[in-house]
Amino acid sequence: MIDLLANNPLLLLFLVAAIGYAIGLIRIKGVSLGIAAVLFVGLAFGALNPSLRIPDIIFQLGLVIFVYTIGLSSGPAFFRSFRRGGLRDNVFIFLMLVFAAALAALFHFLLNLQSGITAGMYAGSLTNTPALASVIETLKVAAARGQEDLSSTPVVGYSVAYPMGVLGPILAVFVMQRLWKVDYRKDAERVRGVHLVEQEIYNQTVRITRPEVTGVPLSRLVADHGWDVVFSRLQHDGHTALATGETTLQLGDLVSVVGTPEAVDAVIPGMGVPAEEHLDFDRTEYDFRRVFVSNHDLAGRRLADLSLTQRYGALVTRVRRGDIDFLAHGDTVLELGDRVRVVAPRDQMKNISELFGDSYKELSEVNLLSLGFGLVLGLLVGMIPIPLPGGIVIKLGLAGGPLIVGLILGALRRTGPILWTLPYSANLTLRQFGLILLLAAIGINSGYTFVTTLQGGGGFQIFLAGAAISLTVPFLALLIGYKLLKTPYGLLTGMLSGLHTQPAVLGFSLEQSDNELPNVGYALVFPVATITKIIIAQLLLRLP
C-alpha cells in the first residue's frame, strides 16, 4: 500500500483530501475542524514513510491560487479598513511578531541553540515558509564564500516547530471563543459599515402623519436624519409609484421603507405610523424579482451609473452577495454573482433581466484571460528583490506577490475592458480547491520529518520551545486584540491567521465565524506580517 501511494502522489493527495474533509465534517459539541482536518490527516499519512511526498508544484499551485483569490475578494475592504484602524492593526501585529522574536532569542540562549536552528524555529512556530527560504539562502551564500555550510540547520528548527505553529493558534481560537462565549454575528455588527456581514433586512409600510416630513425631498430627509434605509414605493391618492430622491411626501401617503429592523424602527416615528397595508404585496403595477448580475459590463460599476429609474422606471432595493443581504444605494458597486432585488413596472422586467444578464451558467465560468494575467503579475511581483538595510535582500515570494496583486486588482475591479474580479461562487470554489491542495501537501511533506526529528537528540527541546512560542503569541494576541483593542473576534482570528501566515488557521476561523471577516483580517495584515518575519528571521541568524 505504501509503494502504491508513493508511486502515485495524486492518489495520495486526493485520498488525504477526501478523508480529511470527511473528518472535518464531524461535529463534537457543536464544533468541527472543518477543512483544517486535511492538514492533520496529511501529517498522519506523511509520518508513515519518507517516500510519501507530494511534488512541490502542487503546494505552490495551491498556495498561489488560495492567496490570489483571497486578495481579489478582500481588496475593496482591505483599503477601506485603513481609514478605520488598519494602521493600528498592522502595528499591533508587528509588535506581536517582535515579542515572538524575543521569545525565540530567549530560548536560543537558554538551550544553547545554533542561530540557524533558532531562525528556523521562529519561522516554523509562525509557519512562514518565505522566512525559512530567506534564511537558507543566506546560509548558502555564506557557504559559497568559504564558511561552514549550515543551510540544513534551519530546516530542523522549522520542521519540529511547524506542526504546533498550526495547532497552537487553532487551539487558541477554539479555547478563547468558548471561554468568552463569542457571538460572531453580534460581534460583526460593529463593523457592518466597513465590511459585509450577515444582517436581517425587512420591509415596512409607513403612513405619513408628521407634517415636518412633507414637501421635503426624500434625499434631504435621509441626509438630515442619517437614515440608513431605502424607500421603494409610494402610494398617493391610490396611485403607486417608485420613491426616488426627488420624491416629496404628503400627509396620508403610504411609503415602503426597507432596511434592518433597528434602522426601520428608528425611521417610523419620525415619519408617521406603521400601516396595515403592505405596498410590497401589491404587484398590480410594479413587480419585484431577484436577478443575477452576470453581465460582465456591469461588474465594477455603481448602481447610480445605470440610471435605472430614468431608463426603466426601476429601483434596486437590496443586493445579495453570497449569503449576505445588504441595502442598495447609489454608490453600491456591483460584482459578478450578485443577486439584486429590482422593483419595476411589470412590462420592464424582461428588459431589466437582459441588462443584468440573469444567467447562472455564465457565473460558473472563469475568465482565464484575467485570471492568468493576474497570477502572472503576482508571481512576477513575488520575484522582485527588495533590498533592506544591512545588506538583507528579501522577496515577497509565492505568497506575498499574488496576495498583494490580488488586493490591488480586487480594489480596482477592472482596467479598461479587463475585469479582474471573479464571480463569487467561482472565487469561493477556486479558493477552497487551492486551500485543500496546500493543506494536504504541507501535512504529507512535513509528517515524517516531524516524527523523526522529535525522536532524535535535542528535538524534543526544540519542539517545546517552538510550542511555547506558538501557544503564547496567539493567546496573548487574542487577549489584547479582543479585550483591549475591542477588535471583532472574527476579524481578529483572521489577523491571527495572517500573523501566522497560516491558511489552516484561516480555514478553521472561517468555519467557526461563518462570515467573511477572517478573510479580511488575514489580507489586512498578511503583507506586513510576511515582510516582518523575513527580516526578523534574518536578524535571528546573526545571534552568537
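This tour visits a surface patch, a pair of helices and several salt bridges in a predicted model.

**Stop 1: the nonpolar patch.** Select Leu 87, Val 91, Phe 94, Leu 95, Val 98 and Val 528. Together these residues form a nonpolar patch on the surface, with about 500 Å² of accessible area. Helix α5, residues 86–110, contributes the most to the patch, namely five residues. Leu 87 is found in helix α5 and is exposed, its relative accessible area being 58%.

**Stop 2: two packed helices.** Next, select residues 115–125, which are helix α6, and residues 517–540, which are helix α21. Their axes are 8 Å apart and meet at an angle of about 160°, which means that α6 is roughly antiparallel to α21. The crossing of these two helices is right-handed.

**Stop 3: salt bridges.** Side chains of opposite charge can pair when their charged atoms come close. The whole structure holds six salt bridges; selected examples follow.

- Select Arg 210 and Glu 212: their side chains form a salt bridge with an N to O distance of 2.6 Å. Glu 212 is partly exposed at 46%, and Arg 210 is partly exposed at 33%.
- Select Arg 220 and Asp 224, whose salt bridge spans 3.5 Å from N to O. Both lie in helix α10, four residues apart, so about one helical turn separates them.
- Select Asp 287 and Arg 346, where the closest N and O atoms of the salt bridge are 3.7 Å apart. Asp 287 belongs to strand β6 and Arg 346 to the loop between β9 and α13, so the pair ties together parts 59 residues apart in sequence. Is Asp 287 buried or exposed? With 8% relative accessibility, Asp 287 counts as buried, whereas Arg 346, at 46%, is partly exposed.

Definitions and conventions
Residues are numbered from 1 along each chain as its sequence is written. This is a predicted model: local features need pLDDT of at least 70, side-chain atom pairs count only at pLDDT 80 or more; totals for chains, interfaces and linings use all residues. Side-chain values use heavy atoms; hydrogens and water are left out. Patches are made of residues with over 30% relative accessible area and no salt bridge: like charges are joined within 9 Å, nonpolar side chains (Val, Leu, Ile, Met, Phe, Trp, Tyr) within 5 Å. Accessible areas come from the Shrake-Rupley method with a 1.4 Å probe; for residues, only the protein chains shown count as cover. A salt bridge is a side-chain nitrogen of Lys or Arg within 4 Å of a carboxyl oxygen of Asp or Glu. Buried means under 20% relative accessible area, exposed over 50%, partly exposed in between (1.4 Å probe, protein chains only). Axes are lines fitted to C-alpha atoms, for helices over the stretch in contact, and angles run from 0 to 180 degrees between N-to-C directions. Angles under 35 degrees count as roughly parallel, over 145 as roughly antiparallel, 65 to 115 as roughly perpendicular and the rest as oblique. A crossing is left-handed if the near helix is turned anticlockwise from the far one by less than a right angle, and right-handed if clockwise.
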